[in-house]
Amino acid sequence: MVGSTSGRDQRGVPSDPTDEGRGGEEGSGEGGSTLTVVLALAANAAVGVLKLLAGLLTGSSAMLAEAAHSAADCTTEGFLFTALRRSSKKPDRRHPFGYGKERFFWSMLAAVSVFVTGAAYSIYEGIHTIIEQAPDPAEEQYAWVAYAVLALSAVIESVSWQQAVRQVWGEKRALGLSLREYVRLSDDPTSLSVLFEDTAALLGLLFAAVGVVLHQLTGSSLWDGIASVLIGLLLAGVAYALGRTNKHLLVGRSAEPRVMRAVFDHLADAPEVVAVVDLKSMLTGADSVLVCARVDFVDDLGADDVERTCVRLDEELRERFNDVDEVFVEPVPRGDPELRRAVLERYGDLLADWQREHDAAAQRVTPAR
Amino acid sequence: MTLTVPGGGYDRGVAEEKSGADDGEQGGGSTVTVVLALVANVLVGALKLVAGLLTGSSAMLAEAAHSVADTTTEVFLFTALRRSGRRADYRHPFGYGKERFFWAMIAAVSVFVTGAAYSIYEGVSTIVEHPPDPAEEQYAWVAYAVLALSAVIEGTSWQQAVRQVWREKRELALPLVRYLRLSDDPTVKSVLFEDTAALLGLLFALVGVGLHQLTGSSVWDGIASVMIGALLGFVAYALGRTNKNLLIGRSAEPRVMHAVFDHLADAPEVDTVVDLQSMLTGTDSVLLCARVDFVDSLSAADLERTCVRLDEELRERFTDLDQIFIEPVPRTDPELRRAVLERYGTLLATWQREHDADRSGQSSTHSSRSPG
């Protein structure tokens, strides 16, 4: 799920359909990810056994490559399952910001395993076939086995694929994002991994079918080998895409710009706040965001007022943005030169623009302020 | 309590001198270590491959795979060093320091897959098949020569890694095991582990080839391969686990945390330190988030100035601290107290009590607080 706020409330009215929905959705979303992963695991195990039998019987390299592909997918799901299970551990003194990133970590390993087991083996097997081109009568004889297995695999894989699509589409719609934006911004790599992997699986079956057909028609196992290599390349592409997403999440990606903007406005809206000087965030897990802000407070407040305000802002932010998990608001004078330099370096004029827009909007609503 | 006393042990070592003065040198040190390791592995790998093909020894081929794995590892580590220096931007406001952990992680996985899996595969197939190969016995002297030469080359790289680890360990005044557990620079550690494994691997290969020549059975060769593989698997696991903890967000060392706690609690404006969290966001880079109850008679403007001052003091004293956020909160907020208790147990309360006792014992409040 994308760390989200809803409607961009540039217009000053805090309307957050997504956020309101999120409280209830949270539980079902988690369950949804688990269901998606378990279904994918079952599908892959079944399909893998079928493909292996067919591959051994027919000796088709495309078929064996597909079996390797299924083995890779099963390992991936094993990792994803670990991801879901371990990321919910509570924060402790060794990891005070929690274990949310375990999800990114295991998803990363899943991507690597797709790459190594699936891509490397398929390409190796394909090249091997292309070079040797062993004429194997068994393969032609048992071609019907290959077709039957491919058809059956397609049916089983598409069940898992449908579940993944359903979940991703549901989340995407809830957040009002386009698919591409969702893929780029999602902070739940598990269902995304399953979606990518199942899509690759269906495409791989198509390649394998074409390879086997061309082999049967032309009598040359070259086609079979080419199909294997293509399946391998497809898997490598998937692994790269997943790896990149998870790398960003592990390194510490900021929350979505829309959320940042809404948090900024929320802080700036508080009557005790003069200016928001600095604002940083990091996704510390799926549905968990750390927000650190530096704020200039109205000078005539007392220390206890500021303390109460900080706690209130904490609570408000965590209530409004369900994904926000930890908030730190530090009071600083707006004019501190070193701080301003650091913010400029990191964000350019972004925060200054936001402050200006916010002030203009606030003036329009209540000219008194 | 020694920690806050100037010159007293740890925070001096870790945080003050180390990164401040050595920062550049240290990055440079890591780079030298990695580049030297890379060169050594390429040389050794070529030698082993030639010897393996000539003699057909599976232990020798396993060793060649080992060198390939090591070379890949060093490329990843080099990437780690190069990319982790990027400045923070709006997409990654806490910087790119964790890229170092990430690439070191990938390096560990590559050791595991290329090295361990291949060696074990090669070893098992030799044991199962054990084909009598006359070439191997004939060319055994090639294998010995290559192993000896490899040992010399690897030894050079190993020495550099050991030297760097020893120096850092001494600066931090930590015993070796603790240093290796707590280190936040996975690159040097990776090279050290890998080179140690390489030297042990050469020993295994030597014994394998020797026994093969003596007994005439290639089973020994296969067993050596499997052992090399197991060794690599273990190294990969150890490195992977460290990097996993770093990637997920490990806290700074307890000693630093305690010293920071005392520093904050020592400030005259501070009543109580309610919460203290930290995360290593890179090598020599720590994010610190504190929740503090300030003296109530201060004004908001005083509070703002105090926060900026504490920021600067802490970053000067503990140069690893990169970002600091101090949030003023009332000490009594029940939800907050519950969260702290869940995360830390009574640790912070104990620190506060110790600190208060110490302060009332000393009477002179600030004597213990002098930045660098």
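I am working with a predicted model, where local features need pLDDT of at least 70 and side-chain atom pairs count only at pLDDT 80 or more, while totals for chains, interfaces and linings use all residues. Residues are numbered from 1 along each chain as its sequence is written, and chains are lettered from A and ligands numbered from 1 in the order in which they are written.

**Chain A, overall**

I started with the secondary structure of chain A, and got twelve helices and three strands. Helices and strands here are DSSP runs numbered from the N terminus (helices: H or I, at least four residues; strands: E, at least two). Next I checked burial: 54% of the 369 residues of chain A count as buried. For the record, buried means 20 or more other C-beta atoms within 10 Å of a residue's own, exposed means 12 or fewer, partly exposed is in between, and the C-beta atoms are placed from the backbone. I also looked at contacts in chain A between residues at least 6 apart in sequence, and 79% of them join residues at least 24 apart. A contact is two C-beta atoms, placed from the backbone, within 7 Å.

**The sheet of chain A**

I found an open sheet of three strands in chain A, in the order S1-S2-S3 and with mixed pairing. Two strands pair if DSSP finds at least two bridges between them. S1(A) (273-285) and S3(A) (324-331) are the edge strands, each pairing on one side only. Neighbouring strands are turned by 15° against each other on average, direction ignored.

Then I went through the pairs. S1(A) and S2(A) are antiparallel, over ten bridges, with Val276(A) partnered by Val295(A) in S2(A). The two strands form a hairpin with two residues between them, and Asp287(A) in the turn has a positive phi of about 60°. S2(A) (288-297) and S3(A) run parallel, joined by seven bridges; Ala293(A) stands opposite Val329(A) there.

I picked out Ala275(A), which is found in S1 of chain A. Ala275(A) is partly exposed, with 19 other C-beta atoms within 10 Å. Leaving out residues up to four places away in sequence, Ala275(A) touches Asp296(A), Arg334(A) and Gln355(A).

**Helix H9 of chain A**

I looked at H9(A) (257-269) for length. Its 13 residues reach 18 Å from first C-alpha to last, close to the 18 Å expected at 1.5 Å a residue; the expected span is 1.5 Å times one less than the number of residues. Among its buried residues are Arg258(A), Asp265(A) and Leu267(A).

**Helix pairs in chain B**

Over to chain B. H2(B) (58-83) and H3(B) pack at about 175°, with their axes 8 Å apart. Axes are lines fitted to C-alpha atoms, for helices over the stretch in contact, and angles run from 0 to 180 degrees between N-to-C directions. H2(B) and H3(B) are therefore roughly antiparallel, a label for angles over 145 degrees. Their contact divides into 15 nonpolar, eleven polar and four charged residues. My classes: Ala, Val, Leu, Ile, Met, Phe, Trp, Tyr, Cys and Pro are nonpolar, Asp, Glu, Lys and Arg are charged, and the others, Gly among them, are polar.

H7(B) (186-215) and H8(B) cross at roughly 170°, and their axes come within 7 Å. That makes H7(B) roughly antiparallel to H8(B). This contact has 20 nonpolar, seven polar and two charged residues.

**The sheet of chain B**

Chain B has an open sheet of three strands, ordered S1-S2-S3 with mixed pairing. S1 and S3 of chain B stand at the edges with a single partner strand each, so one side of each has no neighbour in the sheet. S2(B) and S3(B) pair in the parallel sense over seven bridges, and Val292(B) stands opposite Pro328(B). H9(B) (254-266) lies across S1 and S2 of chain B, at about 145° to S1(B).

**Between the chains**

Last, the interface: 49 residues of chain B are in contact with 49 residues of chain A. Which element gives the largest share on the chain B side? H10(B) does, with seven residues. That side divides into 27 nonpolar, seven polar and 15 charged residues. H10(B) also lies across S2 and S3 of chain A, running at about 105° to S3(A).

Terms used:
Angles under 35 degrees count as roughly parallel, over 145 as roughly antiparallel, 65 to 115 as roughly perpendicular and the rest as oblique.
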